[in-house]
Amino acid sequence: GPWTTWLMTVLVFVFAFSSVLGNYVYAEVNLFFLGVRERGITVFRIAVLAAIAVGAVAKLATVWDFADVSMGLMALVNLVAIVLLGKWAFAAMDDYGRQAWERRDPVFIAEDAQLPAVLPGDVWTRASVRQ
């Protein structure tokens, strides 16, 4: 009935708002991780607000076209990351499979996993893992 118009309007607004907010937080945390300074974060915040304003008044087809291109670029970035991190993931998976084959409770210890390089820090060392 006609009462669903208001319900759907509220639901779509909440979904859109939470999606924008969630994606913004992901991006900002990643920028901090990559070492972007406060000035760069401020520029990013202004760009996000501008994108929201433009997206709110642009034609729907334009918004969807831009979203499609953005998703494609994001997929390319993810594919590059997968290719670069694949050897690490396969080494960890092989270590897990070897331990499971030996009927042990698999525990990840970096120096036993035959990783492509040494991991920084002492989180995954034999001394830090309780046997």
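Reply: A quick definition to begin with: a helix here is a DSSP run of H or I at least four residues long, and helices are numbered from the N terminus. Keep in mind too that this is a predicted model.

Now to the rings. Phe 13 and Phe 17 both sit in helix α1, which covers residues 3–33. They are four residues apart, or about one turn of the helix. The count of aromatic pairs comes to three, and Phe 13 with Phe 17 is one of them, a stacked pair with 6.0 Å centre to centre and 15 degrees between the planes. Is Phe 13 buried or exposed? Phe 13 counts as exposed, because its relative accessibility is 57% and the cut-off for exposed is over 50%.

Val 10, Phe 13, Val 14, Phe 17, Leu 21, Val 25 and Val 29 make a nonpolar surface patch of about 670 Å². Take Val 25 from that list: it lies in helix α1 as well, and at 41% relative accessibility Val 25 counts as partly exposed.

Back to aromatic pairs, with another one to look at. The rings of Phe 108 and Trp 124 have centres 5.4 Å apart and planes at 80 degrees, so this pair is edge-to-face; the angle for that has to be over 60 degrees. Phe 108 and Trp 124 are both in the segment after α3, 16 residues apart, and the pair links distant parts of the chain. How exposed are these two? Phe 108 is partly exposed, at 24% relative accessibility, and Trp 124 is partly exposed too, with a relative accessible area of 44%.

Phe 108 leads us on to Asp 95. Which residues does Asp 95 touch, leaving aside its neighbours within four places in sequence? The contacts are Val 107, Phe 108, Asp 112 and Ala 113. Asp 95 itself is in helix α3, residues 60–101.

One last stop in helix α3 is Ser 70, which is partly exposed, with a relative accessible area of 28%. From the C-alpha atom of Ser 70 to that of Met 8 is 26 Å, and the two residues are 62 apart along the chain.

Terms used
Residues numbered from 1 in each chain as written. Predicted model: local features only at pLDDT ≥ 70, side-chain atom pairs only at ≥ 80, totals over all residues. Heavy atoms only, no water. Helix = DSSP H or I, 4+ residues; strand = E, 2+ residues; numbered from the N terminus. Contact = heavy atoms within 4.5 Å. Phe/Tyr/Trp six-rings, centres within 6.5 Å; stacked < 30°, edge-to-face > 60°. Buried < 20%, exposed > 50% of the residue type's maximum accessible area, 1.4 Å probe, protein only. Patch = residues over 30% accessible without salt bridge, like charges linked within 9 Å, V, L, I, M, F, W, Y side chains within 5 Å. Areas by Shrake-Rupley, 256 points an atom, 1.4 Å probe, with all protein chains shown as cover. Salt bridge = Lys/Arg side-chain N within 4 Å of Asp/Glu carboxyl O.
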